[in-house]
Amino acid sequence: MTKSTLGVLLLLLGCVSAFSRQPPRNPAGQAAAGRNPAGTLRQIIPGHYVYSSATYNSGIIVTSEGVIVLDALNSEAVARAQREAMASTIRQPVRILVSSTFHNNYSKGNVAYADVLKIGHENYRTDLLELMQREKVPAEEQKARLPNQTFRDRITLHLGGKDIQILYMGRAHTRGDSIIVVPEDRIAYLSELYFADQFLFITDGYGLDWLRALDAVEALGADIFVPGHGPIPPDPRETRQGLRRFRQMLVDVRDAVQKEIARGATEDQAVAAIRWPQYEKLQGYDTQRETAVRRLFQQLTGKLQ
Ligand SMILES: [Zn+2]
């Protein structure tokens, strides 16, 4: 851990000195920010903010030595709008971007953070690179989106008198998700480990591991769990109940698939048989129901290792 932390700080110093004279200013991006009035910046508790655009949430941790952002969201325009909102409200420089999911809706905005240190799990880097190569993303954009530093288990940052933990909880929504925990403020930013009031998106996910990861998250002792998707209640402590509902959804998905397997159903028969009426009104249910059955079926039968 000490080695990782030192590495981060050395890189950080390098980045800050290299870029501090060139604050990001992009006329096109600013124009785009003006066309994106939907994004909102909300203080959750002192020192902790969330920028929300569409149903996506980006976490923002403010210290006296700068800002750490979790997830740059789905486009350069959205990310630049977020940076403008942070610059006018928070008035602290962004030091680090931590990225959890390699999916485009959480990594396309990375290009708006060319001036900061970018950190992601080593599997995140591998999967983001593979995705961008498959989609023939221009080399320059690939470079701008990839992390400068990867980690395997955890990194602890010591910034502005705060310990900020970047943690890998094992496979979940993808095999390279990161979460951020600030123990002294009892807050955990979960990115796409937690879909609030939405059906889970599990195209690249591992349901059984995801459940274990959520149990480990609950044991962290936080009071507030910031979702990567969906609304945050006026009292942010109510996110604990929301997280429990989301965990229960994963349990219900697993149990229904397990029951079909026990009956001797094939994967296609399980897809045909399984419905979760209690979740059918949730966003994502129609598009992800089949995927959820298949991913759980494959994992429970050992086809998906
Ligand atoms: Zn995702």
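Tutor: Find serine 52 and follow it across to its bridge partner, asparagine 57 in β3. This pair belongs to the antiparallel strands β2 (residues 48-53) and β3 (residues 56-63), which six bridges join. Strands pair here if DSSP finds at least two bridges between them. Strands (E, at least two residues) and helices (H or I, at least four) are DSSP runs, numbered from the N terminus.

A word on what you are viewing: this is a predicted model, in which local features need pLDDT of at least 70, side-chain atom pairs count only at pLDDT 80 or more, and totals for chains, interfaces and linings use all residues. Residues are numbered from 1 along each chain as its sequence is written.

Now widen the view. β2 and β3 sit in an open sheet of seven strands, ordered β1-β2-β3-β4-β5-β6-β7, with mixed pairing. At its edges are β1 (40-45) and β7 (149-151), each pairing on one side only. From one strand to the next, the twist averages 25°; axes are lines fitted to C-alpha atoms, for helices over the stretch in contact, and angles run from 0 to 180 degrees between N-to-C directions. Helix α5 (residues 122-134) packs on this sheet and touches β5 (94-99), β6 (117-121) and β7, its direction making about 95° with that of β6. Contact between two residues means that their C-beta atoms, placed from the backbone, lie within 7 Å.

There is another sheet to visit. This open sheet has five strands in the order β8-β9-β10-β11-β12, again with mixed pairing. Its edge strands, pairing on one side only, are β8 and β12 (224-226). Neighbouring strands here are turned by 20° against each other on average, direction ignored.

Let's walk across it. Six bridges pair β8 (residues 154-159) with β9 (residues 162-167) in the antiparallel sense, and arginine 154 stands opposite leucine 167 in β9. The two strands make a hairpin with two residues between them, and glycine 160 in the turn has a positive phi of about 55°. Look at leucine 167 again: it also stands opposite isoleucine 179, in β10. Three bridges hold the antiparallel pairing of β9 with β10 (residues 179-182). Next, β10 pairs with β11 (residues 187-189), antiparallel over three bridges, and valine 181 stands opposite alanine 188 there.

Finally, a glance at some helices. α7 (residues 207-218) and α8 pack at an angle of about 150°, their axes 10 Å apart. They are therefore roughly antiparallel to each other; angles over 145 degrees count as that, those under 35 as roughly parallel, 65 to 115 as roughly perpendicular and the rest as oblique. Gly207, Leu208, Trp210, Leu211 and Leu214 of α7 make the contact with Arg247, Leu250, Val251, Val253 and Arg254 of α8.

On to another partner of that helix: the axes of α8 (residues 239-262) and α10 (residues 285-300) come within 9 Å and cross at roughly 60°, so these two are oblique to each other. Here Val253, Arg254, Val257, Gln258 and Ile261 of α8 meet Ala292, Val293, Leu296, Phe297 and Leu300 of α10.
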